[in-house]
Amino acid sequence: MAPFLRTANGFIRGERKYSFLLARTFTSTSRRFEINKIYPSATEAIKDLKSDSTLLAGGFGLCGVPDTLINALHSKPSVRNLTAVSNNAGVDDSGLGILLGSGQISKMIASYVGENKTFEKKYLTGEIEVELTPQGTLAERCRAGGAGIPAFYTPAAFGTVVQTGELPVRYNPDGTVAAYSQPREVRVFDGKSYVMEEAIRGDVAFIKAWKADSLGNCQFRFSAANFNGAMGRNATLTVVEAENIVSVGDIDPAAVHLPGIYVDRVIQSTTPKSIEKYTFAKDPAATTAEEQSAALGTGETASRRERIIRRAAKEFQNGMYANLGIGMPMLAPTFVDPSITVQLQSENGILGLGPYPRRGDEDPDLINAGKETVTLAPGASIFGSEESFGMIRAGKIDLTILGAMQVGMYGDIASWALPGKIKGMGGAMDLVSNPGKTKVVVTMEHCDRKGNAKILEKCIFPLTGRTCVSRIITELGVFDVDFEKGLTLIEIAEGVEVDEIRAKTGAPFAVSDELKPML
């Protein structure tokens, strides 16, 4: 008689045997099989990982990173020539950064180089190949791969070097470009241009979970969900490290974020969690001005920036869903009128961002897109990066406020790359991809540190998006942008003359007949 295989619905006969089935005696004439995907160690779980593999690694910054598995791979230096897929590569001494340092990674597919100096240096000197991808596109490429979809069209990155194939993927040691990216196919749907992107498929996925059981069911915690779900569904072999290994049934079925069907192996996480950027709420006894001066700098710099942020806060309207970029935009909610309620979204998977935590209340599983410690507002919700960017691309976000290096007179924006310095575009290309539904506001100082104009006829730096910025707020005034007619100055700061603004602006502009003081 064929052995019996225990399933969720009872027993069936079958001849197939699986490495993850542990046989136990059922009766003297038959055997009962239990699914048990728990491995005794990370070393044992990855013992058959081979060189030349594509490795997917969950995590965002240092949050939700499968460090125990990465550390185990680091101890196997013979496994080399890996293509690693992750939002970023951690830092020099943590996460994928240690595999970059050991030379085990030959190619990275990521959206952000970040503050990883090893990553940046190896890229710019030709030691590794890097495929920079908009963050939402990266999440969707992983999701599509796991869903059996070979390619898709997205509005993100149209008209940028990503779409035209002018993004360097490998440099020569002398800093010249050895190879560029492939141009993307473009199609028009309902009058709008979309870029075709191919799905990513992984050989192996390293995933970090809060809880997992022997069936492989996983639950993530807060913003540690990020890329873990999409990547966990998208590999030939998915290995999960869990903070807590629990009994089958201990995870509420409604709380299973990654079903066990996608998971092959589970190990106990043994690596402490880290926080990249500790950001705390200020002393409640301090005044708003004192708080913001500490956050924005000192002296005249702080004064200029506070003026910008105070004006940006007036862009919020009651009931809005808003996404705020890294830096100055994150401070705008401080100045919002208490009578206005706005839901803040963070592209790493939070809707309902709360204020910064008090010192001692920080949580490594609660960070924003800038990797800063945050809290959740009442009624907040948590989701994976693929869903976060789905709501962004669908135009569900009413307002996004971003910083910029340059803005063109017809609404082009450059915000992610300088000559000789590559940080990556992160989620910005996705955030500006739907200007018809999402209002894009730029907050920035009028000139750079050398006194050069940042509002130009045409951006010099690589673009984040074309014809997408509808308003520019600087310390000198406020411009509205018409995608065909150009710039109109609608507000002017106290003590500033129009001639001064003309002298510091690298593009022509009209002056509104109803020019108002900048409040």
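Tutor: We shall discuss an annotated site and then the cysteines. This is a predicted model, in which local features need pLDDT of at least 70, side-chain atom pairs count only at pLDDT 80 or more, and totals for chains, interfaces and linings use all residues. Residues are numbered from 1 along each chain as its sequence is written, and side-chain values use heavy atoms, with hydrogens and water left out.

Student: Which residue does the UniProt annotation "active site" cover?

Tutor: UniProt positions are given in the numbering used here, feature names are shortened, and annotations may be inferred rather than shown by experiment. In the unreviewed entry, the "active site" annotation covers Glu347.

Student: Is Glu347 buried or exposed?

Tutor: Buried means under 20% relative accessible area, exposed over 50%, and partly exposed in between (1.4 Å probe, protein chains only). Glu347 has 9% relative accessibility and therefore counts as buried.

Student: With which residues is Glu347 in contact?

Tutor: Contact means heavy atoms within 4.5 Å. Leaving aside neighbours within four places in sequence, the contacts of Glu347 include Gln135, Asn323, Phe389 and Leu431.

Student: How many disulfides does the count give?

Tutor: A disulfide is a covalent bond between the sulfur atoms of two cysteines. Here the criterion is a pair of cysteine sulfur atoms within 2.5 Å, and the count comes to 0.
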